Every structure is written in structure tokens, then in C-alpha cells.
Amino acid sequence: MELIGSTMTATYARPKSSHFLPAISTMASSYRNPQAALVMNPSASLWRTNSYYKSNSTIPSPSIQRENFDLVRAKTVLYPSNRSALTTRYTPDDWYKSNHNNYRESESSRKSAERLRRDTIRLMQDKEQLTRRTQENTSKNIGERLNDIVFWKSELSHEIDNMVTEIAALNEVKRRLERALAETEGPLQQVSQECLYHRERRMSIDLVHDDVEKDLIKEVEVIKSCQERMRRHLDRAIAQLSNRAAQHELERDLSDKLTAQRIDQRCHYLRNTSDGIGYYRGIDRLDPISLPDSWSKFTDDNILHSQSERAASHKLRDEIEILLNTTSNEMWNQFNNVNVAFTNRVSETADAKNSLQTHLAKTLQEIFQTEMLIESIKKALRDKESPLKVAQTRLEERIRRPNIELCRDNPHHLVSEVREIEDTIRKLQERLMEAENSLQILVKTKVSLEHDLSVKANSLFLDQEKCMSMRKSFPSMPRLVGYT
């Protein structure tokens, strides 16, 4: 039990610290200068009149007052009450005034404390509602952000699927183009150029720059032109496969979106009672590297870039398809033209060979008849030898008739007979020479015809057996467009 008039002992408990609001310090500063205790100072006067206090109108400065107060506190010595007489310190008015001052100060401090309490409670309620609303708005914003991430993630996934499909299609077309380009080497090396090489082995007059050779040279040029165009488009296809870089950007963006979605989902489900929450000092001073507009523009630009790459890839695939069909048609058309030229040339050569064989047969027959004629002329010449001998012998015998008997009588016409037989022999000899010359010409003709026949036979063998059999292995249309 406390004594009447004594100061009530007050205990101020420090409120429990919370993570929600900072700790509120006690108001000990308002009790820093309590009233000084009554002390007995032997060096001081034991009694002062009221006029003494009134006459001292000079008020010391706060700093001097604090120093004096501290000095008084330091020198205060408590002594037991051993006075033998009462001494007056204050007047009744001072006592009443002091009480009234204490009352007013107490009432003012209570009102201030009550007002502070009400304002603090209202502030805490307002801030609690503000914090709750802000947290709800933040959760709502995170939810909306999650919806945006899900939207862009679906767009990225769709675009990645389209890009993967386009890359696979472009790879397939590139492989077809490579196979078609490889297939052209066979017709070029083993068909066209080989045919030209074989036809260089033609002999004599058949070594001619005919339509077959022209078409073969043109076929080589067509195949080389097709190969050059294929190589250019193949290089473009290889360069176009750089759209994998766009796919990589999309996949990296999608991976970032998945990470952001996972983080925002975890943040979206965080509550005040969740585990793992804590203080991270200074985290609010970190600046993000992008804004919502730049964030959405980044993904949109990636998608637009991917779409442009897909469009270029699709256009290139169409061009390659057209190129494959065009080149295969060109090579097949020229191949057919060469085959037609070969067929016509073989037919012409066969006809020429048949004609040569006919003429050779006739020439041989004529040679035989000429030889028979020569033999007949020689026989006729031999047959004229005896008559000539008889006529000349008769004439020579009759020349030896004596004297008048050497008469130009009718038998003397032996001279005409001799001359006639000699003329006949001369003419037969001339015909023999003509027949022999004709025989030599016929023999030369026979040799020429036989040579031409061998030349035509060689040409037919080269064109029909070598070249035409080789051209049966020309690639088919599906192989020229790269399907097999």
C-alpha cells in the first residue's frame, strides 16, 4: 500500500516488436527532469522569505539552469531529519498553484496521450486497410501479369512449332535438292560427255558436226546450267537455315517466360502467413531493365522476326520446288531431243550403209563382168593371131611369085585382110585398155565403198550400241526432283 501524497510507482513495458510496425519507444523523455528532492545543504541558508524569491527576477538561461541542477544533484546529500524547529519553505499560494499546475499538466498530457492514441489507432487501421488494398492490387497485378505471360508464352509456343515445322520442311527440300544435284552428275559425266567421247572415235567422213553432236553439246550446257542454279539455291537454303537463330531466340524467350511465370505464380500465392517470407533490405532500390511496353515489344519483335524468316523460308521452298520441276523438265526434254537426233542419225547411217551395200554389190557384179569382158577381149585378141598369121603368111608367100605372076589379082586383097585384122586387133587392144582402166576404177570404188561401209558400221556401233545403250540409264523424273 502506497502512502498518501507519495508518487505512484509506474511500470512502462516495452511493446513487443513486430514485423508489421516498428517498436514504439517509451515516453521517458517527458520524465527526464523530475522535481528535485528536498535536501539539506549546510552551506545554504535555512530560511528564505517570499520577498527573496520575488526579488530575484532574473531567470537563468536553460543551459546554466541545467548545469546548476546537475551540480545540485551531484552535491545533494541526504541527512536524517534532526531539526529542532520548523522552517517555512513555500507559501500556501505556491502550494495551490503547484497543485493546479500539476492538474493542468496531467489533464493536458492525458488529452495529448488520448489524442495520440486515437490518431495512432486510426492511422494503424487506415494503414492496415491501405496495406491490404495495396497487397490485393499487387496480387491482382501479378495475376494480370501472369495472364500476359501465358498469352505471350502460347504465342511463342505456337510460333516455335511453326518454325520447327518450317525448318523440317526446308531441310527436306534441301535434301531433295542435294539428291537432285547429285543425280545430275551421272547424266553429265556418264551419258552426255561419254557419248561425245565415244563419237570422237568416228572415222573419216562420219566425223561430222551433225545434229546429234549439237544436241549433245547443248545437253551438257543444259545440265551444267541446271547444276549451277541448283548450287545457288542450295547455298541460299543453307543460309536460310540461319532461321534456327530465330528459333533459338524464341526458345530462350520462352524459357525466360516460363521462369518468370514460375516466379510470378509463387509470388501470386504468397500470403502473410506463407513460409519463406523475410526482409530483403534495399531490394526496392533495384531498377528493372525493361518496361511493359519494351517487354511486350521484345517478344513481339521476336515473333515478327520469326514470321519473316518463315515467310522467306516458305518462299525459298517454293522457288526450289519450281526449280526442281523446271530443271528436270529441261534435262528430260533435251534428253529426248538427243535421243530423237540419235534415232534419226542412226536411221540415216543405216540407210547410207544399206545403199553402200547395194552399190558395193552392183560394183562387184560390174567388176566381175568387166573381168569377164577383159578375158573375152584377150581371147578375141588371141583368136585374131592365127588369122593374121595366115593372111600375112599368104601374102608373104605370094610376094615371092616370079615376074609377071606377081599380079594384083583378087587374092591380092590379102593386104586388106591383114590391114583389117590389124585394125581389129588395135581396136580390141584399145577396148582392153579401157576395160582394164574401168576395172581399176571399179576396184577403187569397191575399196571406197567397203571403207565407207566400215565407217558406217563403226558409226552405227558407236551411236546405236554404245551411246543409245548408255542413254537408257538416264535418271527418271522422280530422281531428278530429289524424291528417291
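A salt bridge is a side-chain nitrogen of Lys or Arg within 4 Å of a carboxyl oxygen of Asp or Glu. The exercises below concern a predicted model.

**Exercise 1.** Determine which parts of the chain the pair Arg231 and Glu185 links, and classify the exposure of Arg231 and of Glu185.

*Solution.* Step 1: the side chains of Arg231 and Glu185 meet at 3.8 Å, N to O, in a salt bridge. Step 2: Arg231 belongs to helix α5 (residues 211–240) and Glu185 to helix α4, 46 residues apart, so the pair links distant parts of the chain.

**Exercise 2.** State where Arg426 and Glu430 lie and classify the exposure of Arg426 and of Glu430.

*Solution.* Step 1: a salt bridge joins the side chains of Arg426 and Glu430 (3.2 Å, N to O). Step 2: both residues lie in helix α8 (residues 414–470), four residues apart, about one turn of the helix. Step 3: Arg426 has a relative accessible area of 40% and is partly exposed; Glu430, at 39% relative accessibility, is also partly exposed. Step 4: the unreviewed UniProt entry places a "coiled-coil region" at residues 418–445. That span is 100% helix and 0% strand, and its end C-alpha atoms lie 40 Å apart.

**Exercise 3.** Decide whether Asp210 and Arg202 are buried or exposed, and identify the network to which they belong.

*Solution.* Step 1: Asp210 and Arg202 form a salt bridge in which the closest N and O atoms are 3.5 Å apart. Step 2: both residues are buried. Step 3: a network of salt bridges links Asp210 and Arg202 with Arg199, Glu213, Arg345, Glu348 and Asp463. Step 4: for the model, the count of salt bridges comes to 29.

**Exercise 4.** Classify His198 and Ile283 as buried or exposed, and describe the surroundings of His198 and of Ile283.

*Solution.* Step 1: His198 is located in helix α4 (residues 185–199). Its relative accessible area is 7%, so His198 is buried. Step 2: neighbours within four places in sequence aside, His198 is in contact with Leu462, Lys466, Cys467 and Met470. Step 3: Ile283 sits in the loop between α6 (243–268) and α7 (292–399). With a relative accessible area of 52%, Ile283 is exposed. Step 4: Ile283 forms a nonpolar patch on the surface with Tyr280 and Leu286, and together they have about 370 Å² of accessible area.

How values were computed
Residues numbered from 1 in each chain as written. Predicted model: local features only at pLDDT ≥ 70, side-chain atom pairs only at ≥ 80, totals over all residues. Heavy atoms only, no water. UniProt positions renumbered as here; feature names shortened; annotations may be inferred. Helix = DSSP H or I, 4+ residues; strand = E, 2+ residues; numbered from the N terminus. Patch = residues over 30% accessible without salt bridge, like charges linked within 9 Å, V, L, I, M, F, W, Y side chains within 5 Å. Areas by Shrake-Rupley, 256 points an atom, 1.4 Å probe, with all protein chains shown as cover. Buried < 20%, exposed > 50% of the residue type's maximum accessible area, 1.4 Å probe, protein only. Contact = heavy atoms within 4.5 Å.
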